Amino acid sequence: MTESELPVIEMHPYRWGDPDRPMPLPELARAALAQLGATPPAAPVDPAEMPLPEIALPADARAAIEAAVGAEHVSTSHEDRVRHTRGCSTPDLLRLRAGDAADAPDAVVFPGSHDEVLALLAACSAHRAAVVPHGGGTSVVGGLAPAREGFAGVVAVDLRRLDQLVAVDPESRTATLQAGVRGPRAERLLADHGLTLGHFPQSYEGAAIGGYAATRSSGQSSAGYGRFDEMVVGLTLATPRGTLDLGSAPKSAAGPDLRQLVLGSEGVFGVITAVTVRVRPRPEKRLFEGWRFASFEAGAAALRRLAQDGPLPTVVRLSDEAETAVNLADPSGESESRDREGGEDDGSAIAGGCLAICGYEGAATEVTARRAAAAAVLAGARGELLGPEPGEAWRAGRFRAPYLRDPLLDAGALVEALETATFWSNLGRLRHAVTEALTGALAAQGTPAVVLCHISHVYETGASLYFTVVCAQAPDPVAQWRAAKAAANQAIGDAGATITHHHAVGIDHREGYAREVGPLAIEALRAVKRTLDPEGICNPGVLVG
């Protein structure tokens, strides 16, 4: 199934993705959890039975909001309020599983145009109701839990009605998409014109175009297609003060690039309603394969050669020894199923070392030539070609890995991920520091952890590290993870790395971000917010506090 054939999914309140496609817990994972001492917790609370806070939004504020978008597009139903409570981090899910929906918005609003978003922001500003933009609801850093204190209520702005492809310029290879278009729908709309966006984050099935822009998302094919912020050539932002329309040319020397100010702003300046992006022809050919390296260091050196000297695959990633061993490199879990059924081993589970995945997309002749040149580099770096099976297994299951979290939580595991990035010369030190911080913080709570790592994105000057953590849940797993996350954030800052490469800042990384950029930069961003959002209603508490 290609990316454009995948369905758009609506996130369950405390499970990832499509509830009709659950992922069973592999026997390998079940055995590992037993060794870690995990025991199943109490059954999750039914979303329909979760107690919600009383609606605080005053009647006159609701009337003004209804006047802006139409009464039929304002909901205070129990289901809508629960579905728009927080995001999809493990603490978000754990709190909802325990029946804690204290952050539920007072109302969910579904505007249908840029002008309706403008009118909605004006109404909320006049009545001091906080506004949180909601695309696919896949934030994992607290980006959908705004501060409530000092506001008349909290309104979630669901952008699903802004779901159109507005314009295509095939000569310039650009397309304008409304902010509520989800990833699979964007690919289907562009496929009708023979085009692709090429942006495939792990949240692809549920995330939306506006969220990609607001969080500086980076997809799994970033080596070939670029990060989302590199794709954006224009955008439209609705603010309480009016509209910002940015991007009149691909590049400009007309002052600072304000597009970059809005990208990554996480809804604190306003609501992104449309984005113009660079698009490319749909690939004629795709080829994915696996390579084995004796160590993480050897594999990282090989990836660095590709990133600095070329040729660069469309997808390139490297799992460390631990991640390779537990088979996360095959997120579909199908190789384990074949082994249990007596099927032939296809090579997707490798014995020892580290698994690298390389994928190539484009015109057929170009893919063949680029793959051959990259293979020569990898072989020269003492990589062992494993063939297409590991690569195709990864590609087939690339969006399935997050589904594994649900059965792990059901079994009593605490499982969460975090990411960072640094320069090549600092990569080994950073990996060691974060791993030690996580294992130490969790061991101190009596819950020894397994920490896995992979290089998820590469650049000429550095790379991103993505960590997955698994241990037994403590009696208070939310506090347990907060302690571990704080230790990891401290280690990242001490190592001189960025607090986030592609998950954004939200609330979870706010202190680390302030440390990274310094107080003067935060003061400057707050000054921009005061100008565009004088009442401070736009996602308060997120990014800059």
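Strands here are DSSP runs of E with at least two residues, numbered from the N terminus. With that in hand, here are some close-ups of this predicted model.

**View 1. Threonine 196 in strand β7.** Strand β7 spans residues 195-196, and threonine 196 is part of that strand. Leaving aside residues up to four places away in sequence, threonine 196 touches Glu187, Leu190 and Tyr225, along with the run Val279, Arg280, Pro281, Arg282 and Pro283.

**View 2. Helices α4 and α18 side by side.** Here helix α4 (residues 90-97) packs with helix α18 (residues 477-494), at an angle of about 165 degrees and with the axes 9 Å apart. The angle is over 145 degrees, so α4 is roughly antiparallel to α18. Their crossing is left-handed. On the α4 side, the contact is made by Pro91, Leu94 and Arg95, while α18 brings Pro477, Val478, Trp481 and Arg482. Sorted by type, the contact residues comprise five nonpolar and two charged, with no polar ones.

**View 3. Threonine 531 and proline 240.** Threonine 531 sits in helix α20, which covers residues 519-532. With a relative accessibility of 44%, threonine 531 counts as partly exposed. Now find proline 240: although 291 residues separate the two along the chain, the C-alpha atoms of threonine 531 and proline 240 are 9.5 Å apart.

View 4. Most peptide bonds are trans. The bond that joins glycine 310 and proline 311, however, is cis, with omega at about -5 degrees. Proline 311 belongs to the loop between α11 (296-309) and β13 (315-319).

**View 5. Two arginines with positive phi.** Most residues other than glycine have a negative phi. Arginine 216 has a positive phi, near 55 degrees, and lies in the loop between α7 (209-215) and α8 (222-225). At 22% relative accessibility, arginine 216 is partly exposed. Arginine 382 also has a positive phi, in this case near 70 degrees. Look for arginine 382 in the loop between α14 (364-380) and β15 (384-387). Its relative accessible area is 76%, so arginine 382 is exposed.

Notes
Residues numbered from 1 in each chain as written. Predicted model: local features only at pLDDT ≥ 70, side-chain atom pairs only at ≥ 80, totals over all residues. Heavy atoms only, no water. Axes fitted to C-alpha atoms, helices over the stretch in contact; angles between N-to-C directions. Helix = DSSP H or I, 4+ residues; strand = E, 2+ residues; numbered from the N terminus. Parallel < 35°, antiparallel > 145°, perpendicular 65-115°, else oblique. Left-handed = near helix turned anticlockwise from the far one by under 90°. Contact = heavy atoms within 4.5 Å. Nonpolar A, V, L, I, M, F, W, Y, C, P; charged D, E, K, R; others polar. Buried < 20%, exposed > 50% of the residue type's maximum accessible area, 1.4 Å probe, protein only.
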